[in-house]
Amino acid sequence: MSLSLLQEVLPHAVGLEPEGLLPARQQMALSLGWHIILASFGVAFPAIIWAAHWRGVYRGDDVALNLARRWAKVSAVLFAIGAVSGTVLSFEMGLLWPGLMGPYGDVLGLPFAFEGLSFFVEAIFLGMYLYGWGRVPPKRHLLMLVPMAIAGVVGSYCVISVNARMNMPVGFRVEDGQVVDVDPWAVLFNPGAILQFAHMWVAAYMVVGFTVAGVYAAGMLRGRRDRHHRLGFTIPFVFASAAAVVQPFLGHVLGLRIAEAQPAKLAAFELATETESPSPLRLGGLLIDGEVRYSLDIPGLGSIIARNSFTKPVQGLETIAPADRPPVNITHVAFQSMVGIGTLLFVAVLVYWFVRWRGRDLLDHRWTLRAAVAAGPLAVVAMEAGWIATEVGRQPWVVYGYLRTPDAAGDNPQIWILLVATAVLYTGLTVGAVVVLRSMARRWRAGEEDLPSPYGPESAAAGGASRPHDRGPEAS
Amino acid sequence: MTLELAVAVALFAGVVAYALFGGADFGSGFYDLTAGSAHRGSELRTLVDHSIGPVWEANHVWLIYILVMWWTGFPESFASAMSTLILPMLLALLGIVLRGSSFAFRKFAPTIGQARLYGAIFAGSSLITPFFLGTVAGAIASGRVPAQGRGDLWSSWLNPTSLLGGVIAVGSSAFLAGVFLTAEAHHADRGALTASLRRRTLAVGAVTGAVVFAALIPILHDAPTLADGLTGRAAPLIIASGLAGATALALVAARRYGPARISAVAAVASVISGWGVGQYPWLLVDEVRIADGGGADATLAGLLVVVGLAGVLVLPPLVYLFRLTQSDEWVQH
């Protein structure tokens, strides 16, 4: 690992920047990167559960109904930690970035308020859905997923629109250091926000679809080849496949905007040190002491992909003042990891469905199942890499062109302690979630369906006439 | 009414709602924590699971609402409050994270051992969260958050008003939860559980009521601006709170649990509103007035649109959810 790369990771460990900056960055990256996985489940899981539940109710498919019931229980765990880790972010906006929230809170905040509304709706219907099994008539119960799914879409649109506005600031002016002429609505109908949202929305379906399908692929690898596993694989895999096919096109259209909106970010994505016409596509490679090393250059393809043109150049880093350049290597590697994985998944699902259309079932092959298991983690890596690419690529700005990240951070050196504590806490939560989810799967395989709360009364003497296991709130 | 005031009222309505609904959820942690061994406490813990399971996430969103309204409507005061009160905010946040996740983990824990671990974390963190949020309220109400920059990291929330605020928050949460849990146990025909919850609720309510009124004396010295408001403009609310609280206690004692819930809610809502009215017109007491702390007018107007939409889109399903959870099919299962 070269020194320059190390300097990017620890950009200004010593210097004039506020003491809270570096830990605040790491803290934000950790808590956002963790929450975004759970948020994806909040966005995409309701629709996937709905598909299984719909089959169960309208086609009388008991296997599908059972899948929906189990997925609902899994989502109870995931949504709970998603709700609290999202709350962490609400606090952190103020705790870590007082210099952003003070001057720009009223510029950025309104979409968050709409997001709050959607989250409210999602939480209300989640409660009704999770506890409604056996208590609400089946068709009405199924309908409760619809507001959840819609709220997930609206909520993520609102959050992404805030991020889009940090990338492409609109709807305010700065006069003598004061923010004036605030139009809080401007961003909600910004085309950049719509594209950025679509990219993330589809990514959520890839993450959740491939991950859930992967769980059943793993079961089939262990020889559990019943209909339960096949259906449990197929339903989420259909969602993930559709998403994986659309995603490269969405990403391409979104990328085209960057040349105009954030040339420095595009230069870092493409590792373009100099403006070349046409620009090459640089696969791999690192910027070391100002030189591009270890890259495979394909002439002309960079212009075609990034600019939709045979001649238009990618504006090079040499045109950007050194103080305004993002950390190039992190941005470039993250961007190419995302694109690489996205392309791989795109090709993989096309091959799978093509072969299946030709009448062969690839699920009989162990290597297909192994690939299906790997697809979930790969989709997660691609999504994280995408966020790293866009967030690191926007540096040194928080609000592009208006507010630098060092000016947004507080001067609290103790945030290092917070970072360590958060890492410990999130590790604990991850372990807890994995232990609980695995134990649920184990008990389901053992034939235990209701998973009563272990605090359930052990004898009828505790009151009421029903059997002990009927006490679990989900029993019916 | 100015835009700033309208948004402040909407924000404060969220504070009251969170204190009531979120408070009742947190307060149930007190009974869970003190329910005894896994065997002896299982009936009560199952009741807690059952009672807050379907609603806690929705009730939790009031906190998100408060934060978002605050930073969007009054951004400068949000930034300085967060910088000054970073420690109690983080501790409250720790409690929020631990409570929500361990509650979900406990529900599906495979063994009694794990359930005890998660349950202890759930119940303990249910108490620390309202305490630290109460100290935050005390810090703001006693004028310890500066308009700009950062106040003292420690004395801003380690002072009489803050600590009493924390204790009152825990006590009123536990009282509310007690009344609701007792009513629910009664509704489900669980005689022994109802009797034990009734006793404990009466004790918690009596202690909390005493603390609220005893707290007025130190607050008179420690937070003069707030004290002026509490003994002046907000006095009717404080008196109403005392009456409602006493009524709630009497109703619990008389085993009239349905009406007791209404009185308990009225008592806690009046105390919280008393604080809000008492510190009016200050946003951060002695530092920033509501009229001077608002963000851009267009944004404030936008927030009022959000509030209007919330009335249409959120309140009806929320009411439906609460009605469902109180219906016979849900209570008896």
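The following dialogue discusses how to read selected features of this predicted model.

Colleague: Which conventions apply to the numbering and to the model?

Modeller: Residues are numbered from 1 along each chain as its sequence is written, while chains are lettered from A and ligands numbered from 1 in the order in which they are written. The model is predicted, so local features need pLDDT of at least 70, side-chain atom pairs count only at pLDDT 80 or more, and totals for chains, interfaces and linings use all residues; side-chain values use heavy atoms, with hydrogens and water left out.

Colleague: How many salt bridges does the structure hold over all chains?

Modeller: Side chains of opposite charge can pair when their charged atoms come close. The criterion is a side-chain nitrogen of Lys or Arg within 4 Å of a carboxyl oxygen of Asp or Glu. Over all chains there are 14 salt bridges.

Colleague: Which parts of chain A does the pair of Asp361(A) and Arg230(A) tie together?

Modeller: The closest N and O atoms of Asp361(A) and Arg230(A) are 2.3 Å apart in their salt bridge. Asp361(A) lies in the loop between α11 (328-357) and α12 (366-394), and Arg230(A) in helix α8 (residues 227-261), so the pair ties together parts that are 131 residues apart in sequence. Helices here are DSSP runs of H or I with at least four residues, strands are runs of E with at least two, and both are numbered from the N terminus.

Colleague: Is Arg106(B) buried or exposed?

Modeller: Buried means under 20% relative accessible area, exposed over 50%, and partly exposed in between (1.4 Å probe, protein chains only). With a relative accessible area of 0%, Arg106(B) is buried. Asp32(B) is likewise buried, at 1%. Their side chains meet in a salt bridge with an N to O distance of 2.8 Å. Arg106(B) belongs to helix α5 (residues 86-107) of chain B and Asp32(B) to helix α1 (residues 3-33) of chain B, so this pair ties together parts that are 74 residues apart in sequence. Salt bridges that share partners join Asp32(B), Arg45(B), Asp49(B) and Arg106(B) into one network.

Colleague: Which residues make the nonpolar surface patch?

Modeller: Patches are made of residues with over 30% relative accessible area and no salt bridge; like charges are joined within 9 Å, and nonpolar side chains (Val, Leu, Ile, Met, Phe, Trp, Tyr) within 5 Å. Trp50(A), Leu143(A), Val146(A), Ile150(A) and Val154(A) make a nonpolar patch of about 430 Å². Helix α6 (residues 145-167) of chain A supplies its largest share, three residues. Val154(A) lies in this helix and counts as partly exposed at 38% relative accessibility.

Colleague: In which sense do β3(A) and β4(A) pair?

Modeller: Two strands pair if DSSP finds at least two bridges between them. Strand β3 (residues 281-288) of chain A and β4(A) are antiparallel over seven bridges, and Glu291(A) is the bridge partner of Ile288(A). Two residues stand between the strands of this hairpin, where Asp289(A) takes a positive phi near 50 degrees.

Definitions and conventions:
Areas by Shrake-Rupley, 256 points an atom, 1.4 Å probe, with all protein chains shown as cover.
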